[in-house]
Amino acid sequence: MNVGRLRGLIWKESVQILRDPSALAIAFVLPLFLLLLFGYGVSLNAEHVPVGVIADHPNPQTEPFIATLRHSRYFDVHALPSLPAARAAMARREISGFVWLPGDFARQTLATGPAAIGVALNGVDANTARLVEGYLTQSWQIWLAQMQQEQASAAAFPVGLQTRIWFNPALRSRDYLVPGLIAVIMTLIGALLTALVVAREWERGTMEALMASPVTMAEILLGKLLPYFVLGMGGMVLSVVLAVTLFAVPLQGSLWVLTGASALFLLVALGMGLLISSLARNQFVAGQIAIVVTFLPAFILSGFIFDIRSMPAPIQFITHILPARYFVSILQTVFLAGNVWPVILPDAAALAGMAAFFLGITLWRSHKRLD
Amino acid sequence: MARLLALIRKEFLALLRDKASRMVLVGPPLIQLLVFSYAATFDLANIPFVVINEDPGFAGRQVVARFAGAPAFRLVASLPSTEGMAALIDARTALLAIHVDRDFTRNLLTHRPAPLQIVIDGRNSNTAAVALSYASNIVLDYDAEWAAMHGGTRAAATLDVRAWYNPNLLSRWFVVPGIVGLLTFVVTILVSGLSVVRERESGTFDQLLVTPYRPWEILLGKAVPGLVIGAGEATLIAVVAVFWFGVPLLGSLLALALGLLLFLVSAIGIGLMISSLAATQQQGLLGAFLFLVPAIILSGFATPIANMPEAVQYVTYLNPMRYLMVILRGTFLEGDGVADLLGQYWPLALLGAASMTAAARLARRRSE
């Protein structure tokens with residue numbers, strides 16, 4: 001390893017980055033684009049869900065119940081005249097569900113009890129349907145509690161649930177999606193950037209020129225790694241600043257932990273990119289592989305949106321070999337919970353091991369040979 | 001006609017000539033279908049929870065047994081007091097903690113409110129919301145049973161909830177038809193997005209232009225392989241969805257085929273537009289990617305369009321994936337026929353016509 005030669009290589013690579021706007025675009029425009037897209041476009045919080053209400057005989061008994069629904073910010077109540085009209089509106093996808101108060105509702109609530117409130121939900125989107133069911137149950141409990149207060153009778157719910165939600169009391173889906181998204185973006189920057197650079201040298205024939213020079217393979221790889229590391233950390237800083245300022249995601253943990261974990265993860269992503277590109281030697285194939293093996297798994301299997309603990313065992317096993325999984329876990333913890341060492345240390349160790357593995361195997365696979 | 005067939009044959013050969021390209025078309029989509037269909041679910045299983053039961057009475061034990069016996073929950077630890085609970089939740093060993101008060105049974109027996117405290121990890125807000133709704137159902141069941149056994153007021157009205165089209169609210173029924181569209185979309189855009197630019201990069205596009213072929217014939221030649229491969233892939237994935245994952249296909253096959261055809265035409269049109277605009281394959285690839293990601297995110301595939309800000313919702317009207325998602329879920333789960341989906345067909349046809357025309361004009365202009 002010769003410092004002078006290495007400096008020369010790094011200089012060459014940096015000039016290439018600055019000359020070619022596409023690398024800068026991937027490092028800075030892509031994070032901006034993806035953060036805005038996800039931050040504004042992706043939400044799991046259902047509000048103003050269109051819900052139909054049919055009261056067969058509107059009267060003073062049904063009115064308070066409908067009013068409770070109207071007051072909830074989760075519902076957008078449409079009064080419908082009859083059950084067939086509700087079915088038709090449901091089939092046309094104009095409403096996501098309806099509540100039916102049958103003709104004997106008033107009589108049943110006042111006398112023999114309990115009256116049955118019919119609820120039909122469009123279950124196609126199962127997750128939204130389950131959330132809507134939860135909101136309806138809440139409204140129903142509020143209505144019952146109000147009724148009991150007026151009639152001064154005993155509580156209908158002997159066991160009341162008192163919930164305390166830690167780390168994200170308002171359950172804003174953005175607060176957990178944005179930190180996870182940073183991992184997806186970093187995967188993309190790290191792997192896509194480096195997947196193309198070594199392949200490009202091969203494709204253009206400049207790799208042969210490099211090999212004819214006295215630099216060693218380790219120096220070539222390090223010369224590729226360091227400038228893109230700096231670029232990737234720049235993209236990271238941009239993402240974190242946007243997450244905290246624009247999307248108001250709380251950052252509970254320390255900035256140092258975040259920086260350290262990001263540096264480790266970036267090394268893994270760059271290592272994967274370098275490995276892909278030294279195996280593929282073709283920009284098109286390298287780009288394809290980088291997207292398929294890094295981006296899509298980071299999106300679906302990392303715990304970024306879908307909960308890993310609920311996946312079948314073989315899939316959970318696969319997630320363990322994905323670096324994004326560990327980074328998503330660190331990011332969600334550092335942003336929302338703070339410096340929880342029992343989470344951060346094992347994840348960081350896994351990342352460090354993977355970085356060593358990918359960089360080591362790249363170095364081992366790369367020889368000064370032209371075949 | 002014969003010369004058109006020859007052109008189409010040539011396009012197929014160009015696409016399927018080398019082994020790597022053939023693999024890229026078939027292998028990854030199938031693997032992704034299997035992995036994503038199993039992984040992409042919002043349903044929860046194995047929710048780890050800790051119990052802090054300070055109640056010496058029987059009611060506390062009954063409630064805890066309800067949770068421990070529920071298939072979605074898994075008891076990981078019992079603690080004598082709240083000490084140590086925070087560490088378990090912080091470390092993600094447990095998603096939630098159930099705390100039963102010392103007076104729980106006594107309060108219940110004397111008809112006083114008996115609160116059951118639940119502390120839950122909200123780092124993943126959706127997981128927390130779903131787990132809480134499971135917990136709330138368990139407690140409501142217990143309430144109803146307690147009222148029946150020990151007297152007390154019964155609720156004046158009960159909710160009788162039915163989910164249409166997906167009675168057990170299985171996420172998989174929602175996700176798998178979406179994946180049919182997702183994978184078809186990705187393959188079609190990649191095939192058509194690189195078709196023109198590949199020839200342009202190797203210089204053979206100019207040769208094609210000086211042949212007697214008319215521009216629309218050349219474009220048709222480029223479009224047909226994407227259409228055939230896209231349709232084949234969609235059929236394959238739909239068959240796997242029905243026979244492997246057991247997703248019902250209730251609607252008319254004709255409605256599904258018509259929807260897929262219209263979608264493929266508009267997707268290929270957009271792919272050819274990208275391809276005609278790009279100067280190099282790398283630009284084509286980047287362009288395809290920059291179109292694919294937002295088109296997937298803003299399609300309603302994973303998160304509902306209704307949750308997006310209003311301005312973003314208007315943008316989604318330009319996205320062919322948006323209509324395909326409705327068609328797929330409509331035909332698979334809701335039993336829709338052609339008549340139910342007319343509102344989705346005409347925007348797709350419009351998008352297809354517009355993008356194909358634009359692609360034809362762009363392809364010609366670039367080579368002048």
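**View 1. B:Pro48 and its bridge partner in strand β2 of chain B.** In this predicted model, B:Pro48 has B:Arg74 as its bridge partner in β2(B). Strand β1 (residues 47–53) and strand β2 (residues 73–79) of chain B run parallel and are joined by six bridges, where strands are DSSP runs of E of at least two residues, helices are runs of H or I of at least four residues, and both are numbered from the N terminus; two strands pair if DSSP finds at least two bridges between them. Together with helix α3 (residues 58–69) of chain B, β1(B) and β2(B) make a right-handed β-α-β unit, the path from the first strand over the helix to the second running clockwise with the strands pointing away from the viewer.

**View 2. Strand pairing between chain A and chain B.** Strand β5 (residues 159–166) of chain A pairs in the parallel sense with strand β4 (residues 114–121) of chain B, over eight bridges. Within β4(B), B:Leu116 stands opposite A:Leu161.

**View 3. Salt bridges across the contact.** Three salt bridges are counted between chain B and chain A, each defined as a side-chain nitrogen of Lys or Arg within 4 Å of a carboxyl oxygen of Asp or Glu. In one of them, the side chains of A:Arg93 and B:Asp336 meet at 3.1 Å, N to O. B:Asp43 forms a salt bridge with A:Arg130, with the closest N and O atoms 3.3 Å apart; this pair crosses between chains, from the loop between α2 (19–39) and β1 of chain B to helix α6 (residues 126–151) of chain A.

**View 4. The contact between chain B and chain A.** The contact takes 97 residues from chain B and 96 residues from chain A, with heavy atoms within 4.5 Å. The area buried between the two chains is about 8600 Å², 66% of it from carbon and sulfur atoms, taken as the accessible area (1.4 Å probe) lost on putting the two parts together, summed over both. In chain B, B:Arg123, B:Leu159 and B:Trp164 lose the most area to chain A, together 9% of what that side buries.

**Numbering and criteria.** Residues are numbered from 1 along each chain as its sequence is written, and chains are lettered from A in the order in which they are written. Local features need pLDDT of at least 70 and side-chain atom pairs count only at pLDDT 80 or more, whereas totals for chains, interfaces and linings use all residues, and side-chain values use heavy atoms, with hydrogens and water left out.
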